[in-house]
Amino acid sequence: MNKRILMVGVGGQGTILVSKILTEGLLEEGYDVKMSEIHGMAQRGGSVTTQIIFGDKVYSPTINKGEADILVSFEKVEALRYIPMLKKGGTLIVNEEEIWPLPVLSGLEEYPLGIMEGIKDTLENVISVNAREIAEELGEPRSANIVMFGLMVKALGLDKIDWISKIKKFLPPKVHEVNVNAFEKGLSL
Amino acid sequence: MKKLMTGNEAIARGAYEAGCLVAAAYPGTPSTEILENVSTYPEIYSEWSTNEKVAVEVAAGASIAGARSMAAMKHVGLNVAADPLFSFAYEGVNGGCVIITADEPGMHSSQTEQDNRLYAQAAKIAMVEPSDSQECKDFMKAAFDISEKFDTVVLFKVTTRICHSKGAVELLDREEVGIKEYTKNIKKYIMVPAHSRVKHIEMETERIPALREFSNTTEMNRIEWNDRKIGIVTSGASYVHAKEVFGDTVSYLKVGFSWPLPDQKMKEFTAGVEKVYVIEENEPYMENFMKAMGIECTGKEIFSVCGEISPQIIREVMLGEKPEEGYSLDITAPNRPPALCAGCPHRGIFYAMGKHKNKINVTTDIGCYTLGAMAPLNIGDTSICMGAGISAGIGFDKANRMAGRDKKVFGVVGDSTFFHSGMTGLVDAVYNKSNMAVVILDNRITAMTGHQENPGTGKSVSGVESPQVDLIALVKAIGIKEENLRVVDPYDMEANYEAVKAAIATDEPFVIITKQPCALLKDVQKRRANLYCQVNQELCRKCKTCLRIGCPAISMKDNVVSMDITMCNGCQVCLQVCPFHAIEAFGEEVK
């Protein structure tokens, strides 16, 4: 059976890097892998979605409603937005960070209250952390994406793959240590 | 060796392996990364051309002189390049020539979802349509061979889903093909009526029949026989979506070479199955062709011409299956539209223009500044296409005057867009004595597509230093008088207010050039890293003026206005608009 991972977030949160590391490791492990990314105007603060499918043979690179085995959301409201994509019994991994979109900042719309409570009441499998705070404690708030990656690897049961060498491959040497720590922290949560 | 590649990376790799020597492109989502990747191969000369028409002409010239060449663009870019495409179609090639069009079903970041397969039909040129990354590479190599074998430019049609999806690709070595001998041949390469008439007949009687024969025999058009109750004719991304839904339970005609279409193979396939469906994105291109041949088939009766096709849509319309239930929560997520960044240099001048919002109309253009049309800045009446920010303003102004409306028309255009096709509009404005004002937002980069160099940045696609076009000298040379030109730092609100006022007071073509680099440029981020603004809560009267500049770093939570200092780059536009001097600036530039 193919596994379907949907990653969602806001431009600039590093979801693209995570998808690079993940797909590289999966391919090396011998899986057929397809990945699709929509990031048209993401650099300007829009939503980013990445769809990764792996298994014996993958045709379409897209995930349909109610099909994702794992939904990884790098921001709270984005989790809310994409929950319908998660299959019944699937796992949501959510970073509890709030990033207010412009309509909320300028007072035209509200950032909803009670998202986490609502999610936990509705879904069976929820893993929620504040990845940014964890990364800040490790000394580099930008490593929040790698904390999330550690959580993903654990949830997918893919911890036998040598991810540390992949992390090192895609990141500059000066941030190797902090990101390896971030990964191991995510894995241990 | 196998590598995971996006379609765009695989197209570049295909060009490399095929011995391509010259590549030209203008950036545009989803095609931009094609040339960015080609430029990493030093064997290929790569350039960001000033626009798509220039790119196709560069590729055509290189081809005629004997080099394998390519040009890449987004679908609407091919509209700009249509002129050379049609003539070059008559002429044919010397070195193989491939033109890549990256279409956008679903319009993730485009103004239309036009189906550029119709261009191949209209220009009568061979066309290929890959379905995944591996085919992107393989079909690029095939396209160069087809181009040379049949003496035709080849249209290479992809879509966002193919450009931006990754799949495994088998890498091979580059095959050097060298540069072919060039022999002067004006009957082939000078398209005057006497030559064109001969060429057109030649195309119809020789080239096209040969291509059709090829279309019916090539493995790029492949029949997969399975159960014969249902037969699906499909191409591009629709093929992989159909395979996802039906696997090997139905038969397929997978069309990878799609102009001319394989008439005989279509007849053979459809005769061998009980019910025929055509699954294709956007226009009923194959379907109409099949129906014109008298083949009974179902296509756009059940599939929409609008938007992308997905496995879910196929399940719904062909099998009547409802989408999986999934979870739902009774909380509405606020929208997250793209917005001008914190520190964006466009914000200040837009705010100054907004001060006169009842006295102006604004024709805007294609770039980040289109985002200025959204709340709360609301700067923009029209956005049509590249360059129209100036030219549409000329017409808008004429009609305003005829209607007796006391309005000033401002045209807004970015630096790269100005070079692309804004310059001709400005020449028109001067020549035809327009009363409009043009704002050129010079942020020293092609920003929206992710920071590509352009003629104003002083660097080529490969980062090599290049002469910089002097925008101010150019505008003056076009005929803008010294007194009708303002060059402002858009972080300086007084300068913005003065320039806008002066423009409104003038009855001659007027130009404002705003000079401040994009806030996302690495060296800008580094230089401004320690700069930020903060609200002095004792002075703040919660008047919300600062919220009206639409900066994502400023928010009002629990009736307290605050700044996200990690986002703020200290541009100080908010500080200058605050009527109560409640915003203060901190930090120093990093030298």
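Which residues does B:K137 touch, not counting residues up to four places away in sequence? Select B:K137 in this predicted model and display its surroundings: the contacts are B:A10, B:R13, B:G14 and B:V169.

**Stop 1: around B:K137**

Keep B:K137 selected and colour helix α7 of chain B, residues 133-150, in which B:K137 is found. Is B:K137 buried or exposed? B:K137 counts as buried, because 27 C-beta neighbours lie inside 10 Å, where the cut-off for a buried residue is 20 or more.

**Stop 2: chain B as a whole**

Zoom out to chain B and show it as a cartoon. It contains 21 helices and 23 strands. Chain B has a radius of gyration of 27 Å, close to the 25 Å from the globule rule for 591 residues, so it is as compact as a globular protein of that length. Along the principal axes, its C-alpha atoms fill a box of roughly 80 × 65 × 55 Å. Colour chain B by burial, and 54% of its 591 residues count as buried. For contacts in chain B between residues at least 6 apart in sequence, 75% join residues at least 24 apart.

**Stop 3: domains 3 and 4 of chain B**

Now colour chain B by its domain assignment: domain 1 is 2-217, domain 2 is 221-319, domain 3 is 346-523 and domain 4 is 528-586. Select domain 3 and domain 4 of chain B; their centres, taken over C-alpha atoms, are separated by 27 Å. Eight residues from domain 3 and ten residues from domain 4 take part in the contact. On the domain 3 side, helix α15 of chain B (residues 346-354) gives the most, with three residues. By class, that side has six nonpolar residues, one polar and one charged.

**Stop 4: a sheet with strands from chains A and B**

Show both chains and select the eight strands of the open, mixed sheet, in the order β6(A)-β5(A)-β4(A)-β1(A)-β3(A)-β2(A)-β8(B)-β1(B). Ignoring direction, neighbouring strands are turned by 20 degrees against each other on average.

Strand β5 of chain A (residues 86-95) runs parallel to β6(A), and five bridges join them. Pick A:N95, whose bridge partner in β6(A) is A:V129. Finally, select helix α6 of chain A (residues 144-156), which packs on the sheet and touches β1, β4, β5 and β6 of chain A. The direction of helix α6 makes about 150 degrees with that of β5(A).

How values were computed. Residues numbered from 1 in each chain as written. Chains lettered and ligands numbered in written order. Predicted model: local features only at pLDDT ≥ 70, side-chain atom pairs only at ≥ 80, totals over all residues. Helix = DSSP H or I, 4+ residues; strand = E, 2+ residues; numbered from the N terminus. Rg over C-alpha atoms; globule rule 2.2 N^0.38 Å. Buried ≥ 20, exposed ≤ 12 C-beta atoms within 10 Å, placed from the backbone. Contact = placed C-beta atoms within 7 Å. Domains from an automatic or database assignment. Nonpolar A, V, L, I, M, F, W, Y, C, P; charged D, E, K, R; others polar. Pairing = 2+ DSSP bridges. Axes fitted to C-alpha atoms, helices over the stretch in contact; angles between N-to-C directions.
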